[in-house]
Amino acid sequence: MAKSNSKQESIKQFKEFVKRHPKLVQEVRGGKKTWQDLFEEWYLLGEEDPVWEQYGDGQQSSSKEEEKSGAKAEFIPVVLQTLKNMDMNKVQYHLTNVNSAIGNIQQLLQQFIPSNRQSNSSSQGPKNPFTFRKD
């Protein structure tokens, strides 16, 4: 009995999903898909999969855009407040430490690079990638 209830619930949810995505009806009527195929895809992929955006009525995408713009509007004041609360002396101290660490890594890497490579490349000069010869 529980399986029957869950099947009926899934079918109800799918019907609601189809109401929110009216272009699915056109796909079935046009013979491009069957209801069984759509139901299986919906069941496997879920409602949030991007594949369904092309079948929506446009209201979902506009609400998502509004959410994104609202999130951006909230993000900027948070960043500004964070910048106000920062101690610039501490930021400078950490930047100096990072710069020093990068310099140390560069020196360490230079020790492993053979010195003859550097002298050979500078003595030969730049090579011309285009070599032409007469016929």
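**Aromatic cluster and nonpolar surface patch**

One aromatic cluster is formed by Phe14, Phe17, Trp35, Phe39, Trp42, Tyr43, Trp52 and Tyr55. The structure is a predicted model. With ring centres required to lie within 6.5 Å, the count of aromatic pairs comes to nine. In the pair made by Phe17 and Trp52, the ring centres are 5.0 Å apart and the planes stand at 80°, so the arrangement is edge-to-face, the cut-off for that class being over 60 degrees. Phe17 belongs to helix H1 (residues 2–20), whereas Trp52 is placed in the loop between helix H3 (35–45) and helix H4 (59–85); the pair therefore ties together parts that are 35 residues apart in sequence.

Both partners of this pair fall in the buried class, for which the relative accessible area must be under 20%. Phe17 counts as buried because its relative accessibility is 0%, and Trp52 counts as buried because its value is 1%.

At least two residues of the patch are supplied by each of H4 and helix H5 (88–112). H4 provides the largest share, five residues. With a relative accessibility of 51%, Leu95 counts as exposed, because the exposed class takes values over 50%.

Notes:
Residues are numbered from 1 along each chain as its sequence is written. This is a predicted model: local features need pLDDT of at least 70, side-chain atom pairs count only at pLDDT 80 or more; totals for chains, interfaces and linings use all residues. Side-chain values use heavy atoms; hydrogens and water are left out. Rings of Phe, Tyr and Trp (its six-membered ring) pair if their centres lie within 6.5 Å; planes under 30 degrees apart count as stacked, over 60 as edge-to-face and the rest as tilted. Helices (H or I, at least four residues) and strands (E, at least two) are DSSP runs, numbered from the N terminus. Buried means under 20% relative accessible area, exposed over 50%, partly exposed in between (1.4 Å probe, protein chains only).
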